[in-house]
Amino acid sequence: MSPFPGRRLRTLVPALLAVTLLAGGCTGLAGGGPRASAGSLAPRVDLSGRTYVVGSKNFDEQQILCQISIAALESAGASVTDRCNVGGSDVTRQALLSGDISTYWEYTGTAWASYLRETRTLPDDQVLAELRTRDRAQNGVVWLDRAGFDNTYSFVVDGATAARLHLNTISDMAAYVRSGQPGDVCVETEYASRADGLAGLQRAYGFELPRDRRETLEQGLIFQSTADGVCLFGEVAATDGRIPALGLKVLTDDRGYHITYSAVPVFRADVFDRAPQVADLFAPITAALDQQTMQQLNGRVSAGGQSPRDVARAWLAERGFIGS
């Protein structure tokens, strides 16, 4: 998803090296430890001699997905350069379009609302179908199969507080705000400014959030701030592992305002077309990444303090996708 904000695009690689890597003319620079060994993915796809520069956005889930991609590609014989943690949505997207990276995981909702600037509300199957057609034709971007989780925007409340105040839905939140009772709504910067963010939410649910009742925080701070009561309502990502770890309750989006944010590996078309069998490499991975699994993996990083690389490789090994 996500749809979460970035800071600044760091230098990726010198221009000549980036071009050479993407052209497959140099051995990739794997970082952070030994290459992933072959598992059940390797007999499906042989990527020997292929080179990929793998990027991601700058939050935990994206970095886990980035490390999953790196390990999967390595296990099939590819040379891989780790460029995880590029920046926010727009910066990472531009890195793909400019050729600084070969692939990353994007969200259907982000591409639909922010890149294609669509306002139509369609089922996610149709959104993905249009993205596949239009993004390749217009931007040279290939969308693979989607994972089985939805990292959409959600609002959370401390569990005990939700029970005491009978807060179960976003309609309940809207009614509470309209009542003038005390309690701030905390959102992160990108949600506060996006077309499919706070402004649209207020229109959909018929409330107006006073400026003095809104706090704009770094997304990672909203979880603890909500658990501690600094924020009564906090805007978060639905698959974040800190939700169960901190005993937060997700409010039901009872009017279906937030669109679906399915995660999908995306590739530059020129890179994909040299080895289209890479789609077969990712197919079993996306099939295995459901909502509960992604939340658990996120929790190992955000709440458990493990590295995205270790979490990604442990999960792939548990599933037999790579060697243990």
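**Close-up views of salt bridges and a helix crossing**

**View 1. E118 counts as buried, with 17% relative accessibility.** Buried here means under 20% relative accessible area, exposed means over 50%, and partly exposed lies in between (1.4 Å probe, protein chains only). The side chains of E118 and R120 meet in a salt bridge, 2.9 Å from N to O. A salt bridge is a side-chain nitrogen of Lys or Arg within 4 Å of a carboxyl oxygen of Asp or Glu. Side chains of opposite charge can pair when their charged atoms come close. Look for E130 and R134 too: together with E118 and R120 they are linked in a network of salt bridges.

A word on the model: it is predicted, so local features need pLDDT of at least 70 and side-chain atom pairs count only at pLDDT 80 or more, while totals for chains, interfaces and linings use all residues. Residues are numbered from 1 along each chain as its sequence is written, and side-chain values use heavy atoms, with hydrogens and water left out.

**View 2. E106 and K57 form a salt bridge.** The closest N and O atoms of this pair are 2.6 Å apart. E106 lies in strand 3 (residues 103–107) and K57 in strand 1 (residues 51–57), so the pair ties together parts that are 49 residues apart in sequence. Helices (H or I, at least four residues) and strands (E, at least two) are DSSP runs, numbered from the N terminus. Are E106 and K57 buried or exposed? Both E106 and K57 are buried.

**View 3. D125 and R146 form a salt bridge.** Here the closest N and O atoms are 2.3 Å apart. The pair links distant parts of the chain, 21 residues apart: D125 is in helix 5 (residues 124–139), and R146 is in the loop between strand 4 (141–143) and strand 5 (153–158). D125 counts as exposed at 52% relative accessibility, whereas R146 is partly exposed, with a relative accessible area of 29%.

**View 4. Helix 4 (residues 108–115) crosses helix 5 at roughly 65°.** Their axes come within 10 Å; axes are lines fitted to C-alpha atoms, for helices over the stretch in contact, and angles run from 0 to 180 degrees between N-to-C directions. Which residues make the contact (heavy atoms within 4.5 Å) between helix 4 and helix 5? Helix 4 brings T108, A111 and W112, and helix 5 brings D124, V127, L128, E130, L131 and R134.

How values were computed:
Contact means heavy atoms within 4.5 Å.
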